[in-house]
Amino acid sequence: MAEVKKPAPVRGGGWTRFVTARPRLSLLVALVITALAVLAGSGVGDRMGSGGWEDPDAESTYALEVLEREFPASQPNLLLLVDAGTAGVDSPAVAAEAGRLAERLEAQPGVGGVGSYWQTGSPALRSEDGRTAVISARIDGEEKSAGETLERIAPEFRGSHGPVEVSLGGPLAVRHEMQTIIQEDLLRAEMIALPITLVLLVMVFGSAIAALLPLGIGIVAILGTNAVLRGLTEFTDVSVFAQNLTTALGLGLAIDYALFVVRRFREELAAGADTRTAVATTLRTAGRTVLFSALTVAVSLAAMMVFPQYFLRSFAYAGIAVVLLAAAAALILLPAALVLLGDRVNALDLRRLLRRKAGAAAGESGAAEPETGAGWARTAGLVMRRAPLFAVATATGLVLLGLPFLGVKFGTADHRQLPTTAESRVVQDRLRDAFAGNPGGGITVLAEGSATPGQYAAYRDRIATIDGVGRVDGPVTSPAGERTHAYFTVVPEGETVGAGAQHVVSELRAETAPFDTSVTGAAAVLVDSKDAIGERLPWAAAIIVVVTLVLVFLLTGSLLIPLQAVLLNALSLTAMFGAVVWVFQEGHLAGLLGFTPTGDIETTLPVLMFCVAFGLSMDYGVFLLSRIKEEYDATGDHEHAVRFGLRRTGGLITAAAVILAVVMVAIGTSRVTNTKMLGLGVALAVLMDAMVVRSLLVPSVMKLTGRLTWWAPGPLRRLHDRFGISEGGIPEPPDPAAAREKQHVG
């Protein structure tokens, strides 16, 4: 066995001196800031919204705003389902009680546009069996204030009222119940993920002290991000779904970064370095990689800022904040803690205690001694010896797993996101199945401008002939200053937001009229949302690809590696997208996972999942490439550097991926389908990236490209020499003898 030489002391740079000069003071300040973040972030979930899928600048949004202002009763967001039982809704006693309920509802502050079956006699508001009917209303205000009004009045109207039973539904009730369930599920997910994560960290490190450090960094990142989101709610809308990303990335990335830093610190201690030298070397190497990784992940998430929907923008807010806070905690608080702990970072070696208890201990097994990773080195050697086979087989397998995504159908989130027992879900299902008109489920055409009754009638007759239109009601007119406003309700055949309804929207918008028309409704919102995403998706993809290419070039100095990184990262996501369609769109495993398949995927979800999963894949890619680059700079041996990089990081990346997957699966236990899809989908992508792409595809492709992997034209090489980032700092000239010795020892 080659003798391990004690490394020469490394002089810490300015950053190292800054973060380690007064470690106790640094930790005390961090503790105070964290306590303030707890206070600042309290109640953040109550200030978030559960919508945000629509484009605020779209035609459908404009029409909806005008209709809400001019015809409040045309856009009810609260529906009271009145169940009369066997007495029937036309019973005098039932009608009297329903009238009293409608009067009390209209008298509530912030409630307007109250209407009911008993007032209008509309058959669309009465179930076909005559046992239930609807009272509709519009709660005024923005999403937050409307939700507060709903909370205030719901207890007064829900439940038994003489001969009838009342349940609450409608879009506002669905969103409010979804928000409540998400917050409850998030708390449960945290209770599941935290103890399992701690157990896994102990298994990785052995030392309970070392295991607690990444968990502490993750908690700091989560609490800090909640405070940031609470501040953002004062200025803009933020989706409650973003809290799930905060928890997942807060724990996942903080643990990734802390794993990398603590592992490198323990390696330096095991090599004989003193505490401060070990910290300095760790920051100079692993610290730079963490910073670089954080930038790549933040850029992937920031790309969602180009989309107009606040659902997607919220994830950008939360993601950027949690990534930067996780990196800051790993590069400021963690080094300070390591300076104070020193060799005690290896204290409380629980693995050794368990081995002794089982009678399996054989000699000393110093926790400070880093794992050899011999199995990963053998894997890399096997893969590179049969590189063409592994490259083709792995790439083909990933492409096949992604094929179901070719059949994706995009839709919009509705009440079926909720569990079947949720009150608003029960009401909406009843309206969908038992009411011929499906109240609130039509397409609305807003007409603006002066028109005669004859012109309105002619327009109504023309649009009634559009293929897929079942019925046209209206017009309902109302003068507004110098302009006349009116609206028509178009009831499509089939699904409310299906392909047929979307076709009707397009035909309505193409129809000419002697007045200005704007089309809204669920199907119109979906059409506009798809258009907005399709228009901006190339820009988001370009931002991610270009910035990733630049950052990976600055890390490696290679022209080929950045291209490989982007292509292999994208390939690692195919299994996730294929599974999303196969499971959530087509409904396979729906019973096992506990959700209702709708036959489509919410339009914004694939964009969100791509940005999150691509960023996390780059995170692991940077960890592996930085270690390969460091070894290549030191030895000049390409194949040895690949084996060495996988040997040193294979176990670490796999452990980090498993821990992050645990967190995402915990998120995936949510009772809301979109959250379940996000959690389970990203968990699959992370595991595929770590266990397939990094272990099999990367080494096989790097073997095939050989030394060409590191090539760059002269101008780019000089650019990298001047501005590039190297984990190992300024490299020493390669020493072939040292390379041969390392190969022999490895």
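**Figure 1. Pairing of strands β1 and β5 in a predicted model**. Leucine 81 has serine 167, in β5, as its bridge partner. The two strands concerned are β1, residues 78-83, and β5, residues 164-169, which pair in the antiparallel sense over five bridges.

**Figure 2. The open sheet that holds β1 and β5**. Five strands make up this sheet, and their order is β2-β3-β1-β5-β4. Pairing within the sheet is antiparallel. Strands β2 (111-116) and β4 (159-161) form the edges, each pairing on one side only. On average, neighbouring strands are turned by 25° against each other, with direction ignored.

**Figure 3. Helix α15 across the sheet strands**. Residues 423-434 form helix α15, which lies across β1, β3 (132-139) and β5. The helix runs at about 100° to β5.

**Figure 4. The largest nonpolar core and a second, separate one**. The largest nonpolar core has 154 residues. Within this core, Phe241, Tyr257, Val323 and Leu608 touch the most other members. Helix α11 (residues 310-341) gives the most to the core, with 18 residues.

**Figure 5. Contacts of valine 323**. When neighbours within four places in sequence are left aside, valine 323 is in contact with Leu253, Tyr257, Ala294, Val297, Ala298 and Leu301. Both Tyr257 and Val323 are among the residues that touch the most other members of the largest nonpolar core.

**Figure 6. Strand β7 and its pairing with β10**. Six of the six residues of β7 (residues 443-448) are buried, so the strand is largely enclosed by the rest of the structure. Ile443, Val445 and Ala447 point one way from the strand, while Thr444, Leu446 and Glu448 point the other way. β7 pairs with β10 (residues 516-521) in the antiparallel sense over six bridges.

**Figure 7. The largest cavity and its lining**. Three cavities of 30 Å³ or more are found in a search of the whole structure. The largest cavity holds about 110 Å³ of space. Its lining consists of 17 residues, and the closest to the cavity centre are Gln417, Thr598, Asp600, Thr673 and Asn674. At least two lining residues come from each of β11 (601-602) and α24 (673-705). The largest share of the lining, three residues, is supplied by α24.

Definitions and conventions
Residues are numbered from 1 along each chain as its sequence is written. This is a predicted model: local features need pLDDT of at least 70, side-chain atom pairs count only at pLDDT 80 or more; totals for chains, interfaces and linings use all residues. Side-chain values use heavy atoms; hydrogens and water are left out. Two strands pair if DSSP finds at least two bridges between them. Helices (H or I, at least four residues) and strands (E, at least two) are DSSP runs, numbered from the N terminus. Axes are lines fitted to C-alpha atoms, for helices over the stretch in contact, and angles run from 0 to 180 degrees between N-to-C directions. Contact means heavy atoms within 4.5 Å. A nonpolar core is a set of buried Ala, Val, Leu, Ile, Met, Phe, Trp, Tyr and Cys residues joined through side-chain atoms within 4.5 Å. Buried means under 20% relative accessible area, exposed over 50%, partly exposed in between (1.4 Å probe, protein chains only). On a 1 Å grid over the protein atoms alone, a cavity is a set of points where a 1.4 Å probe fits but cannot get out, and a pocket is an open set with protein on both sides within 12 Å along at least five of seven lines; lining residues have an atom within 4 Å of a point. Grid points are joined across faces, edges and corners, and a volume is the space filled by probe spheres set on the points.
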